[in-house]
Amino acid sequence: AVVLSAGVALRIAVFGGSLGDVVIIALAMAVTVIFSVTFGALAPLALQRLGLEPAKVSGPLLSTVIDILGVLFACFAGVLAESLGLF
């Protein structure tokens, strides 16, 4: 997550972007990666406990939940940064 966030931050800085953009996008990327690793490890275990087949259900479930929550977190972080006056 750290390497990916640093790469995104460097790309934004090189190709033009404010420091606020760098911080918000890198933070959103790091949180999304950490959440996806945690959710990806725990979801199959929970599905198995519920009696469902984890191999069939976890792929679509993981990608959908992680995509939606990643976008929501990025939007929330942007709104929060704007309300704090960082932009």
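I take buried to mean under 20% relative accessible area, exposed over 50%, and partly exposed in between, with a 1.4 Å probe and protein chains only.

**Basis.** I worked from a predicted model, in which local features need pLDDT of at least 70, side-chain atom pairs count only at pLDDT 80 or more, and totals for chains, interfaces and linings use all residues. Residues are numbered from 1 along each chain as its sequence is written, and side-chain values use heavy atoms, with hydrogens and water left out.

**Aromatic pair.** I looked for rings of Phe, Tyr and Trp (its six-membered ring) with centres within 6.5 Å, calling planes under 30 degrees apart stacked, over 60 edge-to-face and the rest tilted. The count came to one aromatic pair. Phe35 and Phe39 form this pair, which is stacked, at 5.5 Å centre to centre and 15 degrees between the planes. Both sit in helix α2 (residues 19-49); they are four residues apart there, so about one helical turn separates them. Helices here are DSSP runs (H or I, at least four residues) and strands likewise (E, at least two), numbered from the N terminus. I noted Phe39 as partly exposed, because its relative accessible area is 22%.

**Leu61.** I next located Leu61 in helix α3. Leu61 is partly exposed, with a relative accessible area of 30%. Setting aside residues up to four places away in sequence, I found that Leu61 touches Phe39 and Leu47; contact means heavy atoms within 4.5 Å. Leu42 lies 19 residues from Leu61 in sequence and 12 Å from Leu61 in space, C-alpha to C-alpha.

**Nonpolar core.** I defined a core as a set of buried Ala, Val, Leu, Ile, Met, Phe, Trp, Tyr and Cys residues joined through side-chain atoms within 4.5 Å. Which residues make up the largest nonpolar core? Its five residues are Val8, Ala9, Ile12, Val22 and Ala26. Helices α1 (2-14) and α2 each supply at least two residues of this core, and α1 gives the most, with three. Beyond its neighbours within four places in sequence, Ala26 is in contact with Ser5 and Ala9.

**Surface patch.** I recorded a nonpolar surface patch of Phe35, Ile68, Leu69 and Leu72, with about 350 Å² of accessible area together. Patch residues have over 30% relative accessible area and no salt bridge; like charges are joined within 9 Å, and nonpolar side chains (Val, Leu, Ile, Met, Phe, Trp, Tyr) within 5 Å. A salt bridge is a side-chain nitrogen of Lys or Arg within 4 Å of a carboxyl oxygen of Asp or Glu. Accessible areas come from the Shrake-Rupley method with a 1.4 Å probe, and for residues only the protein chains shown count as cover. Helix α3 (residues 54-83) gives the most to the patch, with three residues. Leu69 is in helix α3 and is partly exposed, with a relative accessible area of 40%.
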